[in-house]
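Visitor: Please take me through this structure feature by feature, giving the general idea before each case.

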Amino acid sequence: MWLCELITGNRKTYGMNLIGGVRRDITAEQYPKILEVVGKIEAQLKELVNAIAGDTTLHLRLKNVGVLPREAARQLCPVGPTARGSGVAIDSRVNHPYAAYPETPPKVITKPEGDVWARTLVRLEETFESIRVVKQALEQMLPGEIMAEVKEIPPWQEGISYVEAPRGEAIHYVLTGPDNRPYRWRVRAPTYTNLQSIPTMLKGNFIADAPIIIGSIDPCFSCTERLEVVDTKAKKIRVYSQNELREMSKKR
Amino acid sequence: MLGSKLKEALICFKNLRVTLPYPAQSAPPAEGFRGRLEIDIDKCIGCGACAIACPPRLINIVDLDTKRTFEFALGKCTYCARCAEICPEQAITMSREFELATENKSDLNITMELTMVKCQECGTAFTTQRIRDKLMAVLPEKIEIEPAALDWLKLCPDCRRLQEVHKLTEAGT
């Protein structure tokens, strides 16, 4: 977060991307600082991986728990590490390269087991891969303009983009409106698709394992805080509100 | 097995405490940090460019009689600094202040009033005093105009149009 603050000027709301480019360039003084922080993370992560690799307590707790077999993963369409942990090699940075990814392709890491341990390993190894990509990108980056001049944004035009976020492929849809402003904006966050595979993962496991199984997809509930129930027989759709869900959770 | 536990313990012992003793010891933000925005009321001319640029539309402008009121609802500000970038007078700057916790969101609001000028003909307030003063001062420097043409700036856009139409019709007849 300190690094984010240094590069963008804020810890969370970066405000970096604009139509036409980005707002701040990486300065010469920032290069060594980025490399220093990234190097420190890499060293600490290596220590951690080294320590937990032979930890049998962890293995007992995580291996063969919350299994999502490859076939089920194909049917339920999870994205990101949830899919890659079940041996489905999908990554939009590699499948549909965007931005600078054609020049700095990351390696797609997959594990065939589909259990919580496999998803954990995928995430850990991907962190190393991301560090490598950051270093490579810093090395290869050329100086130049960071913004193209955009005077007017035409209204009623649609745009769709996909980005490989840490949790998987995130899709944003925008419909432009008058006054250079968006009229409609819809996000399909990765948790939305990843959450569909939770029932399969939970089946046949202990209740004590439920928290780590749900945690293993790294869910973002603010991205998915709505529930739609489809009654296939009556062909009816119902959306439950927050209050209804709260009442339901209180009842036994 | 035991080796792993020892390694894990070692990581914890090596790092011990990583959190800073924050409120006791100040933690200044990085250079270029965008904190709470500050407005230099002496510099602002009241053009309203910031209100147009603000993505979540937190800057509200109300014209009432001879007062133009700017309301900055900063409780929802995301510190993107678009207003500071667009301001032609550099009246808005982003401070390094980030300790803005409050029980009442409206504590963060900023309200600012600027005086407006009335049209000489019809008497409606149409722009701020400062915009007109600036135009009066800047226009003769930038372009060649007769001093009499500056009287135009004392009229609202509607009256200017009417006056021009009258001039043209009189010239025609």
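Visitor: In which sense do strand S5 and S6(B) of chain B pair, and over how many bridges?

Guide: This is a predicted model, in which local features need pLDDT of at least 70 and side-chain atom pairs count only at pLDDT 80 or more, while totals for chains, interfaces and linings use all residues. Residues are numbered from 1 along each chain as its sequence is written, and chains are lettered from A and ligands numbered from 1 in the order in which they are written. Strands are DSSP runs (E, at least two residues), numbered from the N terminus, and two of them pair if DSSP finds at least two bridges between them. Here strand S5 (residues 110-118) of chain B and S6(B) pair in the antiparallel sense, over 3 bridges; Met116(B) has Thr128(B) in S6(B) as its bridge partner.

Visitor: Which strands stand at the edges of the sheet in chain B?

Guide: The open, antiparallel sheet of chain B has 4 strands in the order S2-S3-S5-S6. Strand S2 (59-64) and strand S6 (125-128) of chain B are at its edges, each with a single partner strand, so one side of each lacks a neighbour in the sheet.

Visitor: Is Val230(A) buried or exposed?

Guide: A residue is buried if 20 or more other C-beta atoms, placed from the backbone, lie within 10 Å of its own, exposed if 12 or fewer, and partly exposed in between. Val230(A), which belongs to strand S6 (residues 227-231) of chain A, counts as exposed because it has 9 C-beta neighbours inside 10 Å.
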